[in-house]
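I opened the model to look up how parts of it pack and where space is left. My entries follow.

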Amino acid sequence: MKPTTPLDTFPAGTADAMAACRFDVPDLPRNHVPRTRALHLLAEADKVPLVVVGGPAGTGKTTLVAEWVKAEGRAGDAAWVTFEARATDSRGPDVFWACLVRCLTELGVEVPAPGSSTPGWLPALASAVTCAGRRLTVVLDNHHLVPADVAEDVGLLLRLANGSLRLVFCGRGTPALPLYRYRLAGTVVELGFRELAFDDREAAALLSEPGEPPRQAVVGEVNDYHGGWAAGLVLSGLPSRGDAAQDAGGDLGDIDDYVRREVLDPLPAQAHRFLLGTCVTERFDSELAIDLAGVEAEDLVRLAETWAFALPSGDGHRFPGVFRDALRRQLAHSDASLQKNVRTTAGRWLHRHGEPVEALRQFAKAGAWEEASALLIEEQLVARLLQEGEGGELHALCATLPPTESRAGPVVRAALRLTDGDAAGCADSLADVTAGVTAGDPALRSCVAALDAVRARLADDADSALASAEAAWRVLGESTTVHSARSLPALVHLARGVALLRHGSFDLARAVFEDPAPPPDTRHPAVVHADRLAHLALTDALEGYLARAEQAATEALALSAPPSPFGAHAAARVALGLVALDRCDPEAARRHAIAAGPAREPLTRYLAQRVIAGVEAAEGHPTAAASRLHAVLAQATVTDPWTAGHLRVEIARIALIEGNPGLALNELGPLDGPRSGAHPEAAAVRAAAFTRRDEDSRAQRALADVTEGYSPLRPRVEALLVEAERRLRHHSPSRAATALDASLRLAEPERLRLPFRQAEPDVRHLLANDSLRHRRWLGGTGEANGAGPVEALTAREREVLGHLTDLLTTEEIAEAMVVSVNTVRTHVRGILRKLGVNRRYAAVRRARELGLLDE
């Protein structure tokens, strides 16, 4: 029979307060998961007098200790008390000692009277415990509700009991005991949040449904997001798509209610504010803690560790994702002044720690627009704003920027207008600030110059684009605040390269575009790199280096998804369209031109029209192609003289194909004079026109303009074909074959087919010579049996070819196809040109040789 203990020796009311406490070992929950790993750590408690299981709410502390107590060999020597707030708040230490007395009494200890306030009572209590002759365990659950002034007496009791008594403190955080003494002596076992956190195997068991175990990859993601927090795992459950952060299976309201009631509400106001301030960043350190809390920072960090899941991370702390996001939702619904204060503080800390984009997010959310604008300038984030475009995060953050009198406000508005495609509006905004920019403000001066260079890149004035880019490059070179690894110099450098390309300065432009890729730490290097590669592809395509152009454009497209705001996507597509045209694949060229979409850059926009015109010409519509090019030429003549000259050359080529060398020379007339050297391809076309007009001496002089200097590959190939044509007219077939062979050797690595398809029939006949049958690359797709160059016929041309085999006249074919006679004649000319023959009968025979009539 257990001895009776006079609990009435404690102060009046203690017994009533004790009634609110519970003295039974809690039952294990229905979804209990055995915690083998944590139980193994608790096994070390057999050798020590003190066990501390501390952690935030919902980490499974009580369940784990209950499982351990109920294990075989322990339940008979253990007692349990769960403290309640309404009991300890009213009676303080008396309730603690009364509850401990009751637990010891239940374990058979003859507890001495009269109570905890009597001198010598604790040694007597310790002696009674020792006399019991067994090692006794008392679990003190919710120990964080126990007053701190019992700490010294508890330590004395444990020392005097000399190992006969083991106390298990289970609750949020650590008890108010001098734990360092026990740690030094090795007489304490401690389990914190790290040890209590569920591992993936335990999380899988907790989340599994009967007969349907969850996928391990999904469990790992979910558990990582929750940090192994048991309550969070149960409340959230498994997501339906595997995105733990965005698609929790449970109700976020449950998580938020739990965090508010169980974590935040019991904390003092300063701790509440501290947690809401530290949750806005991915981690926090002592510096941010001091910024937020001042002298109380150290205590609040410890409180965050024990109450709010803050885990050590590098030189700071971090919250598990689920708790961090719950705190952020709490912050979003808190007082506006509190939000602004903590976000501005966090933004300054982020800026100091080299995270300007994160800092900008906090300033924008706080409405701290002066600081946000200044940050955009000081850290040259306007470069990233431009690169991301109107769909980017920075654009969304800055779009609500109110009018500000700061030096940075007009610059930010100029950048926003530029990302929206409003180059004129950008110029107006820059005009508001340009007059006030001084050499004493290098960051602002650099941003203004860079914005103007990028604006001019999109403007319809090639000369001002180059002048603005050169001026900006000088300004950035003079500035010591613009780091070379950032994107601002890269944007200006690219604007300079594009301007040089618009002037036909291929070598200088190539030097810009072939610069090494930005360093790995550059903000958004993929956008800059894609832009660089796309314009390098354009440069190569214009010069006839098709293999390089195709590779660079393909790489640019792989990097520019979603499309960059300054033309990488469109420029790469147009480059591939030019490549497809030169390789006689009009269908692919059409696809690329359509995929390019509307282009902001003038050069890309003009060249896209050139690709479409080339497709029209290849499909037997030279008049439509020439009309399109003339319309573009009218615009480009005013804005881009070099591009206008390039378009004139293309119009002249069409005139040559149509058998009108006089018209071709007339189109090339404006290119005579100072700008003639900028268009070596014009010299090759001019030489062909003179040759077909039997003006040999003038043709030779034109060819010399190509062969005596360094010209791009395509004009050299065309010049050699003209030379072969000249030699054939002079009855020198061997020399003609030599020139033709040289042109083929130049063109073959690039698969440059179009100049051979556009050559005179006599040259094409020479090309079909048996000695050159190994030039298989000149054949189109599906036409490998042909000995000569055969460009794919359009559907209408194939229909006309079928009528030619029936020996129908032009008028009869027009009547059968319900088209005009002129349309039939255009199709027939296209067929003759593509098959490399001069007569209808020869076309039919050639088509039969190639198997075209069998399809």
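Which residues in α43 meet which in α46? I found L801, L804 and T805 in α43 meeting R840, A843, V844, A847 and R848 in α46. Contact here is heavy atoms within 4.5 Å. By class, the residues of this contact are five nonpolar, one polar and two charged. Ala, Val, Leu, Ile, Met, Phe, Trp, Tyr, Cys and Pro count as nonpolar, Asp, Glu, Lys and Arg as charged, and the others, Gly among them, as polar.

Before going on, I noted the ground rules. This is a predicted model, where local features need pLDDT of at least 70, side-chain atom pairs count only at pLDDT 80 or more, and totals for chains, interfaces and linings use all residues. Residues are numbered from 1 along each chain as its sequence is written, and side-chain values use heavy atoms, with hydrogens and water left out. Helices (H or I, at least four residues) and strands (E, at least two) are DSSP runs, numbered from the N terminus.

**Helix pair.** I looked up the angle between α43 (residues 795-805) and α46 (residues 840-850): about 110°, with the axes 10 Å apart. Axes are lines fitted to C-alpha atoms, for helices over the stretch in contact, and angles run from 0 to 180 degrees between N-to-C directions. Angles of 65 to 115 degrees count as roughly perpendicular, under 35 as roughly parallel, over 145 as roughly antiparallel and the rest as oblique. The helices α43 and α46 are therefore roughly perpendicular to each other.

**Sheet.** Next I traced an open sheet of five strands, in the order β2-β3-β4-β1-β5, with parallel pairing. Two strands pair if DSSP finds at least two bridges between them. At the edges I found β2 (78-82) and β5 (188-191), each pairing on one side only. From one strand to the next, the twist averages 10°. I then checked β3 (residues 136-141) against β4 (residues 165-171): they pair in the parallel sense over six bridges. Helix α7 (residues 151-161) lies across β1 and β4, at about 145° to β4.

How much space lies in the largest pocket? I read about 760 Å³. On a 1 Å grid over the protein atoms alone, a pocket is an open set with protein on both sides within 12 Å along at least five of seven lines, a cavity is a set of points where a 1.4 Å probe fits but cannot get out, and lining residues have an atom within 4 Å of a point. Grid points are joined across faces, edges and corners, and a volume is the space filled by probe spheres set on the points. Of the 40 lining residues, L656, I657, E658, Q758 and R833 are closest to the centre of the largest pocket. Its lining divides into 18 nonpolar, eight polar and 14 charged residues.

The second largest pocket holds about 640 Å³. I counted 33 lining residues on record, with G58, G60, K61, T62 and T63 nearest the centre. Helix α3 gives the most to this lining, with four residues.

**Cavities.** I found six cavities of 30 Å³ or more. The largest cavity has a volume of about 210 Å³. Among its 15 lining residues, A688, R692, E718, P755 and Q758 are closest to the centre.
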